[in-house]
Amino acid sequence: MPALLRLLNALALLTWPFLVWLAVTHPQWRGVIVVLALVFGWRIWNLRHAQGAMGRVMLLLALVGTLLCLASVLLRSQHLLLWYPVVVNVLMLLMFGGSLWSPMPLIERLARLREPELPPRAVQYTRRVTQVWCIFFIGNGSVALFTCLLNDVTLWTLWNGCISYLLMGTLMGGEWLLRQRLRNKT
């Protein structure tokens, strides 16, 4: 059962923009907001003992998601749900950006899980990648905010449900290819 719940949780998070679009544009689908609140509530339960910055951010995101869902139901204002991607980008920027002020940025910590002894060149590279992700979160969050302020659900869904994911995947894939190329040069 937990594997099924994890799968449903992942699907709900990936399809969030489309589920929100359904709830906002089709009144008969507003019940999906309650289901989303339950999914976020389940995440809170599973993350209640989360450790580390990433665990705390994931817990906070689940809490924000739950609150936005419940507020949307209670206030009958489904447009509150549009703000979730903005919050995600702000929290991710804070986590990645905040790590730049520590001796070991977030990407370096992740890299050291696979390769504990990183050469100085790789340490410098991981710092740069962390900075690139910060720029991504600023840009992505700004566009997400703009789509909220425009209150155009179709544009919001296009950006937050498609373009944003494509850009994120492109950044991840491009960084992976660059890393492989740099690794092969050494």
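The structure is a predicted model, in which local features need pLDDT of at least 70, side-chain atom pairs count only at pLDDT 80 or more, and totals for chains, interfaces and linings use all residues. Residues are numbered from 1 along each chain as its sequence is written, and side-chain values use heavy atoms, with hydrogens and water left out. The protein has eight helices and zero strands; helices (H or I, at least four residues) and strands (E, at least two) are DSSP runs, numbered from the N terminus.

**Overall make-up**

- From the N terminus on, the order of elements is α-α-α-α-α-α-α-α.
- Along the principal axes, the C-alpha atoms of the protein fill a box of roughly 60 × 35 × 30 Å.
- The protein has 186 residues, and 37% of them are buried. Buried means under 20% relative accessible area, exposed over 50%, and partly exposed in between (1.4 Å probe, protein chains only).
- The accessible surface of the protein is about 11,200 Å², and carbon and sulfur atoms hold 72% of that surface. Accessible areas come from the Shrake-Rupley method with a 1.4 Å probe; for residues, only the protein chains shown count as cover.
- Of the contacts between residues at least 6 apart in sequence, 65% join residues at least 24 apart. A contact means heavy atoms within 4.5 Å.

**Helices α1 and α2**

- Helix α1 covers residues 2–14 and helix α2 covers residues 16–25; their axes come within 4 Å and cross at roughly 65°. Axes are lines fitted to C-alpha atoms, for helices over the stretch in contact, and angles run from 0 to 180 degrees between N-to-C directions.
- The two helices α1 and α2 are therefore roughly perpendicular to each other. Angles under 35 degrees count as roughly parallel, over 145 as roughly antiparallel, 65 to 115 as roughly perpendicular and the rest as oblique.
- A12, L13 and L14 of α1 meet W16, P17 and L19 of α2.
- This contact of α1 with α2 has six nonpolar, no polar and no charged residues. Ala, Val, Leu, Ile, Met, Phe, Trp, Tyr, Cys and Pro count as nonpolar, Asp, Glu, Lys and Arg as charged, and the others, Gly among them, as polar.

**Helices α5 and α6**

- The axes of α5 and α6 come within 7 Å and cross at roughly 80°, which makes α5 roughly perpendicular to α6.
- On the α5 side M95, F96 and S99 take part, and they meet L106, I107 and R109 in α6.
- The residues of this α5 and α6 contact are four nonpolar, one polar and one charged.
- Helix α6 spans residues 106–114, and L106, I107 and E108 in it are buried.
- The buried residues of α6 pack against α5 (84–99) and α7.

**Residues of helix α7**

- N140 lies in helix α7, which spans residues 120–150.
- N140 counts as buried because its relative accessibility is 4%.
- Leaving out residues up to four places away in sequence, N140 touches N89, W159 and S164.
- V132 is also placed in helix α7, and at 36% relative accessibility V132 counts as partly exposed.

**Cysteines**

- A search of the whole structure finds zero disulfides, a disulfide being a pair of cysteine sulfur atoms within 2.5 Å.
- For C148, the nearest cysteine sulfur is that of C69, 14 Å away.
- C148 is buried, at a relative accessible area of 7%.
- For C162, the nearest cysteine sulfur is that of C148, 17 Å away.
- C162 counts as partly exposed, at 31% relative accessibility.
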